[in-house]
Amino acid sequence: MRAPAAAAAARVRRLLATRRGRRRALRALVALCTAALLPATWLWLTAGDRVRTEATVPSEPVAVVFGAGLLSGRPSPYLANRVHTAARLYRAGRVQAVLVTGDNSTTDYDEPTAMRDQLRREGVPAVRIVLDYAGFDTWDSCTRAHRIFGVDRAVLVSQDFHIRRALALCRAAGIDSYGVGVAEPHDATWYYGGVRELAAAGKAAVDAAVRPDPHFLGPAEPGVARALAAARTAGGRSR
């Protein structure tokens with residue numbers, strides 16, 4: 001008895017041996033490619049004109065910065081650029097508080113604290129920075145921002161290849177948001193990120209439709225409300 005893989009290969013060869021079979025295979029391939037691209041198309045349509053530049057993004061109460069990895073305990077280059085962009089938005093008066101959301105699943109891996117430390121080095125006061133330690137993926141970050149931290153409106157900060165997925169998921173989570181896509185050189189990491197987004201778009205479509213609970217929910221946290229209250233007390237900009 002032939003192994004299942006060998007039997008499947010034989011069936012494929014028989015299918016491709018005839019003109020009718022090749023047409024059927026081509027139609028199946030086109031259908032498969034179309035199905036694979038539908039979630040990515042949905043992301044582009046959902047984001048619409050919500051992707052802006054630092055100069056054109058509307059002012060919103062909060063910037064949400066998504067985690068993107070650490071190197072030796074410090075933000076990776078991509079994450080550092082996200083944080084740097086959020087700090088500029090704060091200094092420009094586009095946002096009054098910054099919610100940093102990332103992975104702190106182990107004691108020696110703490111994205112939110114690394115992001116906070118960089119923000120402070122770049123002049124954002126600690127009272128305006130809020131940390132979400134359970135943003136394990138984009139959906140968790142978006143739904144926790146709304147359900148745990150009470151964020152209804154925000155500017156999202158991420159790389160240009162990821163920002164539309166963040167916008168679509170935050171919209172599904174209940175956040176009216178605009179996005180600033182951080183531009184990066186089109187190197188191997190950028191291309192890897194773009195290809196990864198094609199696969200991630202499918203999961204994003206499921207998350208937006210099902211709206212599952214995040215890995216960790218927990219009680220509401222007042223950090224964002226306190227940061228915005230501090231901004232109002234200080235007249236919005238004083239430190």
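Predicted model: local features only at pLDDT ≥ 70, side-chain atom pairs only at ≥ 80, totals over all residues.

Student: How do I read a sheet, and which order do the strands take in the open sheet of six strands?

Tutor: In general, the strands of a sheet pair through backbone hydrogen bonds, and the pairing is either parallel or antiparallel. Here the open sheet runs in the order β1-β8-β7-β2-β5-β6, with parallel pairing. Its edge strands are β1 and β6 (129-132), each of which pairs on one side only.

Student: Which strands pair with β8, and over how many bridges?

Tutor: Strand β1 (residues 51-52) is joined to β8 by two bridges, and Val51 stands opposite Gly179 of β8. Strand β7 (residues 153-159) pairs with β8 over seven bridges, again in the parallel sense, and there Ser158 faces Gly181. Between β7 and β8 the chain passes through helix α6 (residues 163-173), and this β-α-β crossover is right-handed.

Student: Why is strand β8 largely enclosed by the rest of the structure?

Tutor: A residue is called buried when its relative accessible area is under 20%. Five of the seven residues of strand β8 (residues 176-182) are buried, so the strand is largely enclosed by the rest of the structure.

Student: And what joins strand β2 to strand β5?

Tutor: Five bridges join strand β2 (residues 62-66) to strand β5 (residues 97-101), and the two run parallel; as one example, Ala63 has Val98 in β5 as its bridge partner.

Student: How is a pocket found, and what lines the largest pocket here?

Tutor: The general idea is that rolling a probe the size of a water molecule over the atoms shows where empty space is left. In this model the largest pocket contains about 640 Å³ of space. It is lined by 31 residues, of which Gly67, Ala68, Arg82, Arg165 and Arg196 are the closest to its centre.

Student: Which helix gives the most to that lining, and which classes of residue does the lining have?

Tutor: Helix α7 gives the most, with ten residues, while α3 (77-91), α5 (138-147), α6 and α7 (188-210) each supply at least two. By class, the lining has twelve nonpolar, ten polar and nine charged residues.

Key. Residues numbered from 1 in each chain as written. Heavy atoms only, no water. Buried < 20%, exposed > 50% of the residue type's maximum accessible area, 1.4 Å probe, protein only. Helix = DSSP H or I, 4+ residues; strand = E, 2+ residues; numbered from the N terminus. Pairing = 2+ DSSP bridges. Right-handed = clockwise from strand over helix to strand, strands pointing away. 1 Å grid on protein atoms, 1.4 Å probe; cavity = no way out; pocket = protein on both sides within 12 Å on 5 of 7 lines; lining within 4 Å. Points joined across faces, edges and corners; volume = space filled by probe spheres on them. Nonpolar A, V, L, I, M, F, W, Y, C, P; charged D, E, K, R; others polar.
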